[in-house]
Amino acid sequence: MRPTGNFPVTRMRRMRRDDFSRRLMRESRLSADDLIYPVFVLEGSNVTQSVPSMPGVTRVSLDNLLRVAEEAVSLGVPALALFPVIDAAGKTQGAEEAWNPDGLVPRVVQALKARFPELGVITDVALDPYTSHGQDGLIDPDDPRGYVLNDETLEALAKQALCHAQAGADVVAPSDMMDGRVARIRAELDGDNRIHTRILAYSAKYASSFYGPFRDAVGSAGNLGKGNKYTYQMDPANSDEAIREVALDIAEGADMFMVKPGMPYLDIVRRVKSELQVPTYVYQVSGEYAMLKAAIANGWLAEEACVMEALLAFKRAGADGILTYFALDAARWLKAEL
Ligand code: PBG
């Protein structure tokens, strides 16, 4: 039977009256343990570039990234998610740079793991930083619409994931939305005896317009041009399809499951957690960050209160972890509360 009650015997405000009783009945809590910090890395030394559509977010060279990593460690943030910014010369039709063992990502992973062995390093597995056309996969040269080829792309993703794992990545995170990629990557990793490399599958990744500032940050917006990702990322209208995607990735051997974007998709986070009971992650994407930052810059929203409310909402919806550009800020605020 559902608990019920009647006024005036039941008064919901009784428990809200004082701080101690509000604290006692609080259901969800955010801690630094829940946070993953996405970072943009580029070639060079002592480079820090700002990203105009993401105020406060920078692209940094490895030396400067090590300082960021040190701060993440000291704040108790468990992991970084790496996103490379590849210059035009490194982008090709076939994305060959994506599995170059001497490429930017493997070098950065090696350096991070050597310096901060306890910090989790997550790498993105998708071809978009490396393709001249900005798509996440290989395109069919004979198709005027440039259809992204599924099975051919799987081979490229497997090579990319293995290259990251061999460099020392703890978690590989396929964000490409090809069918069968988790199984193909798991087989490639296991074939090289990398049974401990975890797979964070971007299982329910929607074809969202909230990724715009990220594409500015990694410089893929221009390459993608008027192109879109509708033939592989999910339709924002769908919900059952997300459950099916996660279920497939469970069967294929993924360890962690992501819903992306975040705040407009809290219903999906809740369904994944309630219906499938798997480690569930959510990505508060670049557009969500930009919206908050713009309103904060205008003095229309209070930064700490609104950011912490948004992050807590992910926890309430069922997320076990949150990728957020606010990770270090949030960890600092949490520390200040203690
Ligand atoms: C690409 C990728 C994207 C994001 C993460 N990985 C963009 C896209 O799919 O076009 C977006 C993240 C963000 O907006 O913060 N594989």
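Helix H3 (residues 62-75) and helix H13 (residues 327-337) have axes that come within 10 Å and cross at roughly 35°. Axes here are lines fitted to C-alpha atoms, for helices over the stretch in contact, with angles from 0 to 180 degrees between N-to-C directions; helices are DSSP runs (H or I, at least four residues) and strands likewise (E, at least two), numbered from the N terminus. In this pair, Glu71, Ala72 and Leu75 of H3 meet Leu328, Ala331, Arg332 and Lys335 of H13, where contact means C-beta atoms, placed from the backbone, within 7 Å. The residues of this contact divide into 4 nonpolar, no polar and 3 charged.

A word on the model: it is predicted, so local features need pLDDT of at least 70 and side-chain atom pairs count only at pLDDT 80 or more, while totals for chains, interfaces and linings use all residues. Residues are numbered from 1 along each chain as its sequence is written.

| Peptide bond | Geometry |
|---|---|
| Phe7 to Pro8 | cis, omega near 10° |
| Lys260 to Pro261 | cis, omega near -10° |

Pro8 sits in the segment before helix H1 (13-16), and Pro261 in the loop between strand S8 (256-260) and helix H10 (266-276).

Asn193 is not a glycine, yet has a positive phi of about 65°. Its place is the loop between helix H6 (181-191) and strand S7 (198-205). Asn193 is exposed, with 8 other C-beta atoms within 10 Å; exposed means 12 or fewer such atoms.

Methods:
Two residues are in contact if their C-beta atoms, placed from the backbone, lie within 7 Å. Ala, Val, Leu, Ile, Met, Phe, Trp, Tyr, Cys and Pro count as nonpolar, Asp, Glu, Lys and Arg as charged, and the others, Gly among them, as polar. A residue is buried if 20 or more other C-beta atoms lie within 10 Å of its own, exposed if 12 or fewer, and partly exposed in between; C-beta atoms are placed from the backbone.
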